[in-house]
Amino acid sequence: MNIRKISLVATIFATAIFTSCSDDSDDFNDSVDFAQEFTDIDDSVVTEPATYEFERDGNTTIDFSGQTTRLKQVNEIGALMLSANPVPTQDDFTNRFNQAVSFTDESLNGSKNVRSKTGSSVGLFQSNAADSESIKEDFDSYLTNQIAVLSSTNEASVGVAGTYSDTPRYFNAQGLEYQQAFYKGLIGALAMDQSLNHYFNRLDDNFDGTLSYRTENDAETLATDENYTTMEHHWDEAYGYVYGLDADEDNLIQKYLNDIANQVNFNDIAENVFKAFKIGRAAIVAQEYEVRDEAVEVIRYQISKIPSARAIYYLDDAKTIFEDETTDNRDAFHSLSEAYGFIYSLQFTYNPSTGEPYFAKAEVDAMIAVLEEGDGFYDLSTDDIDDLINQIVSAYDFTLEQALEQ
Amino acid sequence: MKKIISTVVVFMLLFSCVEENDDNTTEGSDDFDRTLILNNWVDNIILPAYDAFEAEVSNLKTAETAFVSSPSEATLTTFQTSLFETQKAWQHVAMFDLGLDVNATATYREFMNSYPVDVTEVDASLDTTVDDIAIISFDLSIRADEQGLPTLDYLLNGVDLDKYTTDDQSEVYSAYVTKVVDRIVSLTSDVTSYWNTNAVSIKSDGGSSATSSFNILFNDYLFYVEQGFREAKIATPSGSRTGGASKDPMFVESFYTSENSKILFLEAYEAVENLYFGISFDGNSDGESIDSYIEFLNPDTIFDSVTLQNYSFSDFISLKLSDIDEQVDLLNDDFTIDVENNNDNMIDTFTVIQNYVVFLKTNVVQTIGVTIDFADSDGD
């Protein structure tokens, strides 16, 4: 049992000293130049609906069916990654991930696929096709390599892919669960990248400086055969990558908006994201673009905390298991696989202070290399884990203690 | 060892504010009279719960005496039944973890209900002599998991009756059982007398400083919901924090009568709910408590991340408690079965309880302005 009431003493003194500052105690950092929370947005000039519902002439203007389709495709592919009987073939994966054919849910077959939207935002990859392709190939490899893991009849051990525990867990030769890399990696490479770096960069125009979509929105010029302006639609597509599925079906951002609500200091992310989406959409209808842009800042800032906070959370879990002499280190590999994916996702975050991701691709690649080098998780040390945790914390405006508080 | 110091500090502070009256407490930032809650908690929940528990402990001693003097199927069954009743009554006092001597090396709850029992150490003691048993010091915190209710569960339900009858070591087994029960009796006597002695002063301490009665009891509640309820009963056996990888049915409460584990959980859950709503131990009255305090303060609504809507505090907590109810309905009477076969249900139970913990630690704490006096645990 772990009791740390010793902090009571410190708390009492701290309370005595700091009682006058209590109003600011919830904010990690007040000295920033962008809107962090939905309450920071001056939305007095827009009319915000109670729910995310917007209409024109009595008909909805919202459509994010393409996002819903892709989130469902992700789920079917992810589920297939744990199908050991029969073991999926390369075609089973390629057909679904690349071509969007032969999905069991036939409504998912068609022109929309996951791979083309993976690591493909205008913001990060318009002039960097090589990185975009390299990211797509990472996900190709998770799928392809999983076939051998599923086919293995061995117990997973150092250098040997196979199963571990009666759940079972499918580890590659280095201890990684590819399904975790796939899901948690796509939180960044698909959902965050498309929402924060693609559609938020295509609100005023097609990332070309012409302001063509803004001109159309000002004139309420609707997209061809649609009931929405392009700016409205792009906002809804960003929204759809977060909320395109019911909360209990989603495996990407929305799942973690809920899960992270269980970390005390990130409990307010879900409310900030949803309300900023609602305010921003209302601001587009009202043609109040400063309000919209503040909402964008809040969403980018808040969602970008998720991969860092979860990576730290899972790394710390793994460290606890490594330090416990009575447990098998492989017990930590699921947590490390989660962390692997969340670290991967860090390169798709957006820091409103810099206009860049919190971590560049090269920095993320270096962190992933720490997890993969040698025998991977099997020879990872607690010092390695501490280094990763400290590196992640250093880029954000919360402390390690705040990140871990339950 | 931190907990030793902290326990001392807590008691020093509690006593000091009690004895010095309200001189060193500060006025709250609101006009709510916290003594109304304290009166309800102490008179209608805490003292009746301790009365009921002390009565069960007294029955337990009687059953132990009968068993040791004449070990048989009949006296063992009576003893086992008494233990189960004691375990149920325990769930209603476990969160009020005050009252041991200032020099105690662990808290009452730790001495009474640390599990899993350290079978290796207990068996080693059972392999010694009656004289050796006599000099074992149960006052040491390191021996917290060699005594109390879990150890008694092992001795009565995990050991064959012939260990107490025909076995060469039968006198040692009997001596150990007696020692465990006598320890439960004496600890409980200390704590109940603490509460009876200090009830008046605790109730009258309506301040809102970190050392006030309300803050200490609220913190004990929060700490219990996290550690005694969420971690010990659900998170640890299911290995929630490792996605189930570190699950271990041996960590289920009352492991040797694990068919009772859900009943014990539900008793504790009832106690957790009752304190929040101020429902009396006998279930017949609903007095002032956290819920009415919050209603008085009329705070902003709370956003729910699943339904994407805002709720009043009372509607929000109903939502969260019904999530727990639904999830707990899926659990077996015997949690070891869940851990072995349906561990996802245990992990999901952890999640819905954690939703309640976060509600307490964010929404409630911010609204009523309590300072949390313990660092969080991430389950290690």
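Colleague: What radius of gyration does chain A have, with its 406 residues, and what would a compact globule have?

Modeller: The radius of gyration is taken over C-alpha atoms, and the globule rule is 2.2 Å times the number of residues to the power 0.38. For 406 residues a compact globule would be near 22 Å, and chain A has 22 Å, so the two agree. Bear in mind that this is a predicted model, where local features need pLDDT of at least 70, side-chain atom pairs count only at pLDDT 80 or more, and totals for chains, interfaces and linings use all residues. Residues are numbered from 1 along each chain as its sequence is written, chains are lettered from A and ligands numbered from 1 in the order in which they are written, and side-chain values use heavy atoms, with hydrogens and water left out.

Colleague: How many helices and strands does chain B have?

Modeller: Helices (H or I, at least four residues) and strands (E, at least two) are DSSP runs, numbered from the N terminus. Chain B has 14 helices and 2 strands. Its radius of gyration is 21 Å, close to the 21 Å from the globule rule for 380 residues, so chain B is as compact as a globular protein of that length. Chain A, for its part, has 15 helices and 4 strands.

Colleague: What do the C-alpha traces span along their principal axes?

Modeller: About 65 × 65 × 35 Å for chain A, and about 65 × 50 × 40 Å for chain B.

Colleague: Is T192(B) buried or exposed?

Modeller: Buried means under 20% relative accessible area, exposed over 50%, and partly exposed in between (1.4 Å probe, protein chains only). T192(B) counts as buried because its relative accessibility is 4%. You'll find T192(B) in helix α8 of chain B, residues 170–204. Across the whole chains, 54% of the 406 residues of chain A count as buried, and 58% of the 380 residues of chain B do.

Colleague: Which residues does T192(B) touch, leaving out those up to four places away in sequence?

Modeller: A contact means heavy atoms within 4.5 Å. On that basis T192(B) touches Y50(B) and E54(B). Over chain B, 77% of the contacts between residues at least 6 apart in sequence join residues at least 24 apart.

Colleague: How many positive and negative side chains does chain A have?

Modeller: Lys and Arg count as positive and Asp and Glu as negative, while His and the chain ends are not counted. Each charge is placed at NZ of Lys, CZ of Arg, CG of Asp or CD of Glu. Chain A has 25 positive and 74 negative side chains, with the centres of the two sets 4 Å apart.
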